[in-house]
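Biologist: I'm new to this one and would like to learn how to read it. Could you walk me through it, a feature at a time?

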Amino acid sequence: MRWGMAIDLKRCIGCYGCQLSCKAEHGTPPGVFFARVLKQEEGRYPTVRQLFLPVLCFHCDDPPCVDVCPTEASFKWPDGVVDIDAEKCVGCRACMMACPYTQRYYHDEEQFYFPGNGPTPYERARSQRHEAGVVMKCNFCRDRVRAGKQPACVANCPAIARYFGDLDDPTSEVSRLIKDRGGYTLHPELGTGPAVYYLPP
Amino acid sequence: MEVVSEVTPTCGARDDVWIPSTCGLCYGTCSILAHRVDEVLIKLEGNPDSAVGKGRLCGKGVSGLMTHYDPNRVRVPLRRTNPVKGIGIDPGWKEISWDEALDEVAERLRKLRAEDPRKLFIQRTTTVTSSRTPMQVFAGAFGTPNRSSAGGGLHCGNGAHLISGIMHASWSVVPDFQYCNYAVYFGASKGHGAGHASCSNMGMAADARARGMKMVVVDPMCNFAAAKATEWVPLRVGTDAALALAMCNVMVNELGIFDAPYLRAKTNAAYLIGPDKLYMRDVASGKPLVWDSSVNEARAYDAAKPDDMALEGDFTVNGVSCRPAFQLLKTHLARFTPEWAEPITTIPAKDIRRLGTEFGHEARVGSTIVIEGVTVPYRPVAAIAFRGSQGHMNSVYNFLAVDLLNQLVGSADMAGGCLGFNPASHGHPETGRPRYIPKPGPDGLMVTGSWMAHHVPYPIREPRLPEELGMQDLFVLCQTSPFSDSADREEMWKKFELPYRPEILLNYGTNLLMSIANRETVAKSLTQFKFIVSFDLFLTESSEFADIVLPDCDYLESVDSRPNFPFIFSLPGGMGEWCWPIKQPTVKPEGEQRRSSEVLIELADRIGMREDLNAAYNAILKLEGPFRLQSDRKYSYEEVCDAELKTNFGAERGLEWFKNNGLIKWPKKPEEVYWRHFVDVRVPIYWEFLPQLGEKIAALAEPRGLKIPRHYYEPLPDWIPCPAHDDPGSDRDLFAFYYRDIIHTNSFTMENPWLDEAARLDPFSYTIAMNAETGRRKGIEDGDEVWIESRAGRRVKGIVHLTEAVHPEGLGIAACAGHWGDGMPIAKGKGVFFNDLLELDFDHVSPVNLNLDLCVKVKVTRAKGARR
Amino acid sequence: MIVNVRLFGILGILANQRLVAFEMESGATVGDVLAELEKRFGREFVDRIFRVPGEMHSYCQVFVNDAQVNGLETKLKSNGSPAEVGIILLMASEGG
Amino acid sequence: MSVTSGRYEQLIQDLRAEVRPQREWIERQGLLLIVGHFLSGVAAGTWLFSLVFHFPAGLAVAYAIAALSAAAHLGFLGRPARFWKMWHARSSWIARGFVGLTLFLGGGVLYLIPIFLSASPWQSGSLIAQAGYFLALAGMILLLFYKGFVYSSSKGVPFWTSPILPALYLAYALRGGVAALLVICSFNGINLDSSALGLLELWIGISAAVMILFYLGVMSGSSPIEQYSVRELLRGRAAVSFYVGTLLVGLGVPIGIGLTGLGAPLSLGAVALVGLASVIGDFFVKYSIAKAGIYRSLTSSPHWRDKSAAVAGVPPLSVKP
């Protein structure tokens, strides 16, 4: 059993639905993004395209972030999800330096989105749980997945560009899509074995 | 019927519920589930049971709680203490009680109504669709014809919506994503950005891409739709009609591709046109004539079999030589060669020829398809236009030229073609409601079955000396008018002897200062109101001109029985399901906010127009039988909603049922989706009424000193340049234009800190997109701060983002940012205030539908010392 | 039969009268009612109702005995009590 | 970090940019990590050479520097109270450093107390002192080696993932030790074998200079991100500290003086200057290299670029830093 994701770049329209539904699910503090959409253009006018690259923690098979963690706060669940135990994190940020995909964020102090107003009722309920002084990142919406739901970014994607499932099961939708569409990972040369695959546009 | 979700608490006394409702971050109004725990909303998700959004939301929708819980929301009624009004002038707000506020507003309105109800001007934002019904009702009951939808209406309503109405009986058009193979987008982003049915369309467009639909996007900027296109065709801003006409010409005159049976049966192509550009008419019945080739004589259009109608040729009827409209069109098109269009559009002629050829061939004229056992014509091509292409003085022709592509190959509302959003509905299987079908009107031309307001686009009104301050009764093809705010409005009113002047503005949520055009002009018009009362969520730049601000409940605190009705607006088109969700309160307001719908009822009561209000509700909601409101009773808005739901879906399905179930849905039938094949109506490929209309308007206008340029009133579309194209200034060498960003709605969402943050991370949202080579030529680097200056000397500042993805002459700006007020502190100072460049007067609007020209020729200079 | 015509919104204000009652022959139509209103309140009054002679504006809504009617040909009915006619103009443009 | 703060602005700018510099290990509290790394290296080097030269004062100073390093590390941590959890050294070089520092501080105190405190309950040469000696020695070795590996195992920052870096930082730690001794001696007027020290210093200095050149040479031939880091070092944000701190003060001055010292014995002042300059250089080499750290770019991933470019129908552009 290994949770994984396939992101279909043909379907993705760069709407930021994943980035913002993630924020809504987790109430991440300002400047912290478990999921993001990167935009880049390719080519020269007029032969040019805007390209969208939605990113999140890639839940590597051999996660460099886990290797460098001095407290085992960063760890890998048996189902392949790379997670952070905030109570163990000392905030050394070595994992940020180790992550080849820049998917870790340092939450340096308690902070809210409306300056000078303190937390909104929503932030009191959802954001204040996050400890300060520790590193944060995506955990494939572990609570949702354990409750039988899909991760927020997958469930919400309006273009239906994200698929979530068991990479170890060759019959799962993700496995089949990756095989049929020639899914690839980012920076495979690093040998980290990401669990997030991209389906070419 | 579907049971959507259990809303009773899931565990013991603890409050933990998922409440089905409707999003309010834009007019797309997707269905949501709001998760409330211990009286606090902690999550918004799409409602997977609904056809509207299908359980998925855009970035704006999922961010709604940051708007809802914004501490900057207005919480109590406010009264200004400073009588002086102006931009940046502190109104000196004083908190007052609701009673004080309502007393004063009601007293003023009561007096005004007794004096002359037309002096009330009512205006609402397009963002909050739930305000449509209460405001329409209030206006009708009060007796004022003066209503406006602010910037949204003036920027797209008059062109895209009006012509979609005339040609497709709907508010907008969209490719039939399930069957279309080749779609050409002209300044539109359907399925790739904001707007009507946006989330549903995103999913359907992605399915279409995965299926292999080719998409050609004609746009000065490569973003959103263009980013996902098979081919991006950059063109000079505002020249869409030239390209579309040249493509039509290639199809009709070079390749001989057109759908003759469709043109004969579903359009006025066979109507005979005399030398006066008007229909030849049957003397007895007055009906337009066609040439019946089976008997070789002219007959009324409804007396001849379509197959026998001549589309081409010269005929003589009663001694008058005449030709079918199609013959005129064909001849008319001949001059729009690709070579003619190339220097106008900057698109190489060979590409134009190729695009026309591809469109013609992909149309598969003559083919049919069986859908759910029903055989319908199969035309898997669609030409789609929206705000971008029609936002010019040539608004009507730009949109019409694009739609001609659909009409010529018969793909309008056929399988795989260009669909209106749900123009026909046979109603719920149990009640037969809501039922509407386009029907033939005067001259056999189509009258919509459903419309967003009660001025249907066709038949058009007879122009008259205006009684409406927007002069929509003179310029009858206009829906939202510039003259409520324009620089020349007083001059126009004088010229046209408007018998009164507006005195009170009832504003609902619009930030007019930012959403129409340059703020100086708008501010001047706002200061001329004697009294302004404004329902607001935030103190916007425009609320600063109000005398009384009433704090409104937001979408999560309000009720609406019809968030997706009329279906022509935000319910996804194509096959699938009919779906009628409601909006319901999910939490109580934290301050003293009240629902505007209830406040309007209370005001009506205090004004003494309860009966009128109830009558208007009966009329607008089409309440029937036992559910009609009684004249003399005061109803709450929830009761009104209950009545509408019961009228439509039966006594057992009232508001309570909907609160529990969220929505009702039932399958669409091919006969509804592809209604055009089954309904005997025609649309005009030849706008015979236009020259007549031009003459009638001119007859009123020209004696009063307003010249009506008749070349905009020809029956067949043409390319007419924008003022920007004719700007002689040599240092003004770029066309600034705006586009709607995927993460922002009008000027509203920049205050949402999640969306603001996302926009700041985006390369384009808050910057000015300039072609990289153009930048190099001008010595402007990425990140430079620049001034953009128009011919009129209006200047806006912004940060340049150099990109390959924009036409070298274009300057792309996401509207409509650039807040400066303190009432929305997150939004303040973010992005570029494009609209401040726009002139607002008769010279900058379409002389036909008064749609504002949204492109500006500008000079760009580096701001001093600015380099980041 | 007796016909009660209720004028709402601007029409009531222009007529300076919310309820107009008059006697009509049985079989009278909506068109006949409007003709009567023209007689009472003048041409300008009914001009607001008609798009062109013989055709009402789409935004003019007429109810006969609480049921919405579409054409001028609709006949009035009274079952002993007066026939009820309601007229309202919903002049409201729309955008977005 | 309030959303109105300059830091938040900076983060937004960084996240917008195609090339994002690492700031966590250089700015604000992050600077304390560099200070901590620098001090732990100097401490270990000083300890080593103080042992070699049998110089108890040096040991004491080394210990004090290590204690400062520990304090700096604590100041750097987001959650300093949890520092004791950092012992999972299976693969973490940070944990190994922590273990090294713990051993060093723990062992060092056992070893030093009898040397400096006559009333110590245990004596030099006792089992406790011996144990302390070996613990400190083990800690010292870890401290000498670990920090280079902390950087070189940071896969997110390509500029650091070079096997040269551990060697370079080892060399600098050793030189830092020598330099510290030089400073201590010159200030105290103690004449250790300063010519031997000077030669050692010179030799390590030249080795370090060669290694830096080699490092930059390798990096400038690598991927665009590494090249960008090299540019940051040579022409960008880290250039001043690199040229002035690392090259001029850290290498130029010691090597220059050291070379003149080959002919004639150096004055104490000159020795002190060499030592001081070397120590400063030691700090700035770490500072500059940390500051030039740029995160790996996702959009530069080869597959994504090639396949996306194929869709766009255009040849892929090189990464525009």
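Biologist: Let me start with a single residue. With which side chain does the side chain of His192(B) make a polar contact?

Modeller: One caution before anything else: this is a predicted model. The partner is Arg209(B), and the two side chains come to 3.1 Å. As for its place in the chain, His192(B) lies in the loop between strand E9 (182–186) and helix H6 (198–211) of chain B.

Biologist: Is His192(B) buried or exposed?

Modeller: Look at relative accessibility and compare it with the cut-off, which is under 20% for buried. His192(B) has 0% relative accessibility, so it counts as buried. Among the residues that His192(B) touches are Tyr185(B), Phe224(B), Lys228(B) and Ile742(B), and the list also includes Ile13(A) from chain A.

Biologist: Give me a contrasting case. Where is Glu372(B) found?

Modeller: Glu372(B) sits in the loop between strand E17 (368–371) and strand E18 (374–377) of chain B. Setting aside neighbours within four places in sequence, its contacts are Met575(B), Lys668(B) and Pro670(B).

Biologist: How far is the C-alpha atom of Glu372(B) from that of Glu104(B)?

Modeller: They are separated by 60 Å, and along the chain the two residues are 268 residues apart.

Biologist: Now the chains. Which pair has the most contacts?

Modeller: Four pairs of chains touch, and chains A and D make the most contacts among them. Some pairs don't touch: chain A and chain C have their nearest C-alpha atoms 21 Å apart, while for chain C and chain D that figure is 32 Å.

Biologist: How do I judge an interface, such as the one between chain D and chain A?

Modeller: The general idea is that interface size is often given as the accessible area lost when the parts come together. For chain D and chain A, the buried area is about 5100 Å², with 59% of it from carbon and sulfur atoms. Chain D puts 58 residues into the contact and chain A puts in 63.

Biologist: How many salt bridges and polar contacts cross between chain D and chain A?

Modeller: The rule finds six salt bridges and 26 residue pairs in polar contact, both residues being at pLDDT 80 or more. On the chain D side, helices H1 (6–16), H2 (29–52), H4 (93–116) and H11 (302–312) each supply at least two residues. H11(D) gives the most, with nine residues. By class, that side has 26 nonpolar, 19 polar and 13 charged residues.

Biologist: How many residues of H1(A) are buried?

Modeller: 10 of its 10 residues are buried, including Gly17(A), Lys23(A), Glu25(A) and His26(A). After H1(A) comes Gly27(A), with a positive phi near 60°.

Biologist: Last topic: how should I think about a nonpolar core?

Modeller: In soluble globular proteins, nonpolar side chains tend to be buried together. In this model the largest nonpolar core has 268 residues, and those touching the most other members include Phe138(B), Phe475(B) and Trp687(B). Beyond its sequence neighbours within four places, Phe138(B) contacts residues including Leu109(B), Ile122(B), Leu506(B) and Met609(B). There is also a second, separate core of 105 residues, with Cys99(A), Cys157(A), Leu57(B) and Ala814(B) among them.

Notes:
Residues numbered from 1 in each chain as written. Chains lettered and ligands numbered in written order. Predicted model: local features only at pLDDT ≥ 70, side-chain atom pairs only at ≥ 80, totals over all residues. Heavy atoms only, no water. Contact = heavy atoms within 4.5 Å. Buried area = accessible area lost by both parts, 1.4 Å probe. Salt bridge = Lys/Arg side-chain N within 4 Å of Asp/Glu carboxyl O. Polar contact = N/O pair within 3.5 Å; in protein donor to acceptor, adjacent residues only side chain to side chain. Helix = DSSP H or I, 4+ residues; strand = E, 2+ residues; numbered from the N terminus. Nonpolar A, V, L, I, M, F, W, Y, C, P; charged D, E, K, R; others polar. Core = buried A, V, L, I, M, F, W, Y, C linked by side-chain atoms within 4.5 Å. Buried < 20%, exposed > 50% of the residue type's maximum accessible area, 1.4 Å probe, protein only.
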